[in-house]
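This report describes selected features of a protein model, from its helices to its aromatic residues and its sheet.

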Amino acid sequence: MHHSNMDKLTAIILGVAILIGVVLSRKVFLKKRHIKRKLKEEFPQSWRNVLSQKVLFYSQLNDSDKFLFEKRVQRFVATKTIEGIDTNIDDTIRLMVASSAIIPTFAFPEYNYPDVRNVLIYPNSFDEHFQTQRFEGHREYITGMVGNRFQNGIVILSKPDLIAAFDGLPHEYNVGVHEFVHLLDKEDGVIDGIPEALMKRQYVGPWLHEIKNEMEKIEAGTSDINPYALTNNAEFLAVVSEYFFDSPEKFKHRHPELYQFLSTIYNREERVSSAKQENLSA
């Protein structure tokens, strides 16, 4: 009798396990089919208008690169959950988020942030407890954050700061790019300002030396780079990357050596030269 009960229990557990497996497999299959269908859809003209008006990086690309950017936007929006927390979001916000992710990885067309599942849009900047309420004496200062530990796979962005970064004009700041650069930095397992997944080993020493030199200039007040870059090497990389992508000409003029390092890290020079070549042969 005891053996019979055990056999029944084993059969039930096995049946439940198979059922869960079938349900999960079906879920994965349906999600993949949904993504495939979304990627086959024609890119909406209304989305193209938003990118042209709001995303300076996109507006400066040639036609073939614009097409590639649009495909990447479609894939990001189809594969990630972008949702507002106590605030409404629309396609414009979703396009700003997707653009933030694609700009620093544009030279790596297959990359789609495998560890990111959710992007949460907050109505304002927030404190370390994720509170956005404004009490007297209450300091809010976080405009974006990459989740870790229990929040792994989550990116949090402040809606007004995201909108301010994407107004079609050059800037030295972009909260979205900042946070997605942290995620790229994290690819090698640690957010430390040395994106080893993108950087050849021989560049690490010179890059650290360049960080030290530029930090000294910021401290001396002879650099126009946001002093937040002094926080640590990881914040330095994210801050200078915002500037590099949002005002490349100004950045190149004021920080030529730093520009060369970032061009190498993000494979930017190769992309720019191939685009120029394409325009010449057109």
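## Helix H9

At the start of H9, the backbone nitrogen of Ala234 has a side-chain oxygen of Asn232 within 3.1 Å. A polar contact is a pair of N or O atoms within 3.5 Å; within protein, one must be able to donate a hydrogen and the other to accept it, and residues adjacent in sequence count only if both atoms are side-chain atoms. Helices (H or I, at least four residues) and strands (E, at least two) are DSSP runs, numbered from the N terminus.

The model is predicted: local features need pLDDT of at least 70, side-chain atom pairs count only at pLDDT 80 or more, and totals for chains, interfaces and linings use all residues. Residues are numbered from 1 along each chain as its sequence is written, and side-chain values use heavy atoms, with hydrogens and water left out.

Helix H9 covers residues 233–246, and its 14 residues should span 20 Å at 1.5 Å a residue, which agrees with the 20 Å between its end C-alpha atoms. The expected span is 1.5 Å times one less than the number of residues. Because 13 of its 14 residues are buried, H9 is largely enclosed by the rest of the structure. Buried means under 20% relative accessible area, exposed over 50%, and partly exposed in between (1.4 Å probe, protein chains only).

## Helix H4

From its first C-alpha to its last, the 17-residue helix H4 reaches 25 Å, close to the 24 Å expected at 1.5 Å a residue. Its buried residues include Asp65, Lys66, Phe69, Glu70 and Arg72.

## Aromatic residues

The structure holds 19 aromatic pairs. Rings of Phe, Tyr and Trp (its six-membered ring) pair if their centres lie within 6.5 Å; planes under 30 degrees apart count as stacked, over 60 as edge-to-face and the rest as tilted. The pair of Phe57 and Phe69 is tilted, because the ring centres are 6.0 Å apart and the planes stand at 40°. This pair links distant parts of the chain, with Phe57 in helix H3 (residues 56–59) and Phe69 twelve residues away in helix H4 (residues 63–79). Both Phe57 and Phe69 are buried.

One aromatic cluster has among its members Phe57, Tyr58, Phe69 and Phe106.

## The sheet

Four strands form an open sheet in the order S1-S2-S4-S3, with mixed pairing. Strands S1 (81–84) and S3 (144–146) stand at the edges with a single partner strand each, so one side of each is left without a neighbour in the sheet.

S3 pairs with strand S4 (residues 154–158) in the antiparallel sense over three bridges; strands pair if DSSP finds at least two bridges between them. Ile156 in S4 is the bridge partner of Met145.
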